[in-house]
Amino acid sequence: MIFQSFRMAFSSILSNKMRSFLTMLGIIIGVVAVVVLVSLVNGATNSVTSQIQGLGSDLLTVNITSKGSKALTMGEVEQLADDYDSIGATAPSMTQNAAAKHGTNTYSATIQGTTSSYETIGGLSLLYGRFLKTPDIGDSTAVAVVGVDVADELFGTRQIVGQSISVSGRSFLVIGVLNESTSAFGGSDGKMIIPYTLAQRIFKQSDVTSYYVTARDSNSVDAAQTDLTTAMMRKFNQDADAFSITNQAAILDTMASVMSTMTLLLGGIAGISLLVGGIGIMNIMLVSVAERTREIGIRKAIGAGRKRILSQFLIESLVISVLGGFIGILVSWGILAIVSAIASMSFAMTGSVIALAVGFCMFVGVVFGLYPASKASKLQPIQALRMD
Amino acid sequence: MIRMNNVSKIYRMGEEAVHALDKATMEIQDGEFVAIIGPSGSGKSTMMNIIGCLDIADSGEYVLDGQSIDDYSEEELAGIRNRKLGFVFQNFNLLSKLSALENVELPLVYQGVHGRERKKRAVQALTKMGLADRIHHKPSELSGGQQQRVAIARALVTNPSLILADEPTGNLDQATGIEIMQLFHDLNSQGNTIVLITHDARIAAQAGRRIRMLDGHVMIEEENT
């Protein structure tokens, strides 16, 4: 009987293809909107999250905002690693943009002054040559480790160890080229990393205003943050406003909450379009009931009860909405595949998104089909038969 | 067997109350071929609706097959129509989107008869009507006479206690009308009870008995001589 009802629903939908398609279109667009938007946000969240995690969730960033007399020195920063068990490595950092030149080529590079420990803290790996070493820092030697963009733009090749690059009249010997960065944040491709001591001189800034700290392991992040806070409070005379410590994990948490709000918002907006699609179904079902009054009369005369007529029309609207839902999922899959290819990111549809979309479609089909179906089922057979 | 006892039905048309049936009393025995005749507005359509359980009387008693049709829910009436009655209409009332076979199967679908058995019985009924080679045709691909025979097959397929035919020849040419009437005669001689509603005296003359209606009253019951 159920099978028979579905067959009848399909034949009724097929007998009016254009109208059925247009009705489904509302649902299709709604589903595509929900699935694509939610999947895009999910995909972006995952990618950003993995990038942040790639930086190391045990990373702490300290920024000194104090303009007071108490200045933090490079030595004090390096001392922190020895003073506290929880702290693994520290690296002061100062960055500034400057034009890097080689011959006639110019590239606006991010000049970063730091120490040798930044290699592990920043998760860097080298394509050619070596990273900064402690003697480079101590001697303020004019050497530089550059990102691939710098090499590409200035030399057109990546094997440039031994070449020289000039920045504001100073010449730097290239001692290493970094691997292409996989992270969109703090991307190292456009960087030119030089000894911290040299940067202090060039930028005419002796205080440490920013430095990175890694915890000894991922379990001691909280301890490291507590120890850092203690140390900095002592240094800046218990002035909590003099510095700020940013925890990578905290950024992740914030991100996650922002993204889930986004998902909710976009999903909600898309859900409204699905609702509009549902109203379209109700409209068409009402027209259909009016057009098929005679058919309903005939069916009732030969023994169809209310429940039969009700279920017939309900199944019909359910079939339209669920069919629309499936087509919508196929279309979304296509769109996401294209977007993934273009953005070279992976935007996969999750099972839960599909389940949500199909579930919502069924809900819409039943809710908006109910009124027309009940209207059909309540038609009096004599009146319905009298219609022409 | 049908028995009506003082059955009344009043329709309200605005202010006015129309006595479509006024204390109608009559009986039809099993195996009879009865014509209900009368001019339009005489109440014969209302009579048919009540006999056919499409409507319920306001007062009086109507007994179909020993079962008093009174205070039934719509759902139950649908069941009674399905099992005990077969309808044949003037304009055939076939579902245009379904094939002849599917049309005939429909009452069995509502009875919950399953696939193979249902098809077998529908094909039997159509074959009996001489339509064995037309079972997959849509109504639009059939002539008027063929459509009416599909409708009769649909009425017959459930083995109803009663076949109710409302002007079955009204939309057919004379030759086809005679053919269809012959079918009713054959069915009657096979033991089917047939109630024919018509305003055409020549058609009514072929029935075994005539019930004449006028202004909601059952006037005369004439026996064929």
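Figure 1. The model is predicted. Taken along the principal axes, the C-alpha atoms of chain B fill a box of roughly 50 × 40 × 35 Å. Of the 225 residues in chain B, 46% are buried. Seven helices and ten strands make up the secondary structure of chain B. Take the contacts in chain B with a separation of 6 or more: 70% of them come from residues 24 or more positions apart. The mean pLDDT of chain B is 88. In chain B, 98% of residues reach a pLDDT of 70 or more.

**Figure 2. Four strands of chain B form an open sheet.** The order is β2-β1-β4-β5 in chain B. The pairing is antiparallel. Strands of a sheet pair through backbone hydrogen bonds, in either the parallel or the antiparallel sense. Which strands stand at the edges? They are β2 (16–28) and β5 (67–68) of chain B. Each has a single partner strand, so one side of each is left without a neighbour in the sheet.

**Figure 3. Close-up of the pairing between β4(B) and β5(B).** Strand β4 of chain B covers residues 59–64. β4(B) and β5(B) run antiparallel to each other and pair over two bridges. Opposite L64(B) stands Q67(B), in β5(B).

Figure 4. The C-alpha trace of chain A spans about 105 × 50 × 30 Å along its principal axes. Chain A is divided into two parts: domain 1 (2–51 + 253–386) and domain 2 (71–235). How many Å separate the centres of domain 1 and domain 2 of chain A? Taken over C-alpha atoms, the separation is 55 Å. Chain A has 13 helices and eleven strands. Of its 388 residues, 41% count as buried. Among the contacts in chain A with a separation of 6 or more, 82% come from residues 24 or more positions apart.

**Figure 5. Helix α10 of chain A is largely enclosed by the rest of the structure.** The helix spans residues 293–301. Seven of its nine residues are buried, so the rest of the structure largely encloses α10(A). Which residues of α10(A) are buried? They are E295(A), I296(A), G297(A), I298(A), R299(A), K300(A) and A301(A). What covers the buried residues of α10(A)? The cover includes α11 (306–343), α12 (351–377) and α13 (381–386) of chain A. It also includes α2 and β6 (85–88) of chain B. An α-helix has 3.6 residues a turn, so residues three or four places apart point the same way. After α10(A) comes G303(A), with a positive phi near 115°.

**Figure 6. The contact between chain A and chain B takes residues from each chain.** Chain B gives 19 residues and chain A gives 17 residues. On the side of chain B that touches chain A, the elements giving two or more residues are α2 (74–84) and α3 (100–111) of chain B. Which element gives the most to this side of chain B? It is α2(B), with six residues. By class, the side of chain B that touches chain A has eight nonpolar, five polar and six charged residues. The model scores ipTM 0.91 and pTM 0.71.

**Figure 7. S168(A) has a positive phi although it is not a glycine.** Most residues other than glycine have a negative phi. The phi of S168(A) is about 40°. Where is S168(A) found? The residue is in the loop between β7 (164–167) and β8 (170–178) of chain A. S168(A) is exposed, with 10 other C-beta atoms within 10 Å.

**Figure 8. K204(A) has a positive phi although it is not a glycine.** Its phi is about 55°. K204(A) is found in the loop between α7 (196–202) and β10 (210–215) of chain A. Is K204(A) buried or exposed? K204(A) is exposed, with 7 other C-beta atoms within 10 Å.

Technical notes
Residues numbered from 1 in each chain as written. Chains lettered and ligands numbered in written order. Predicted model: local features only at pLDDT ≥ 70, side-chain atom pairs only at ≥ 80, totals over all residues. Contact = placed C-beta atoms within 7 Å. Nonpolar A, V, L, I, M, F, W, Y, C, P; charged D, E, K, R; others polar. Pairing = 2+ DSSP bridges. Buried ≥ 20, exposed ≤ 12 C-beta atoms within 10 Å, placed from the backbone. Domains from an automatic or database assignment. pLDDT = per-residue confidence, 0-100.
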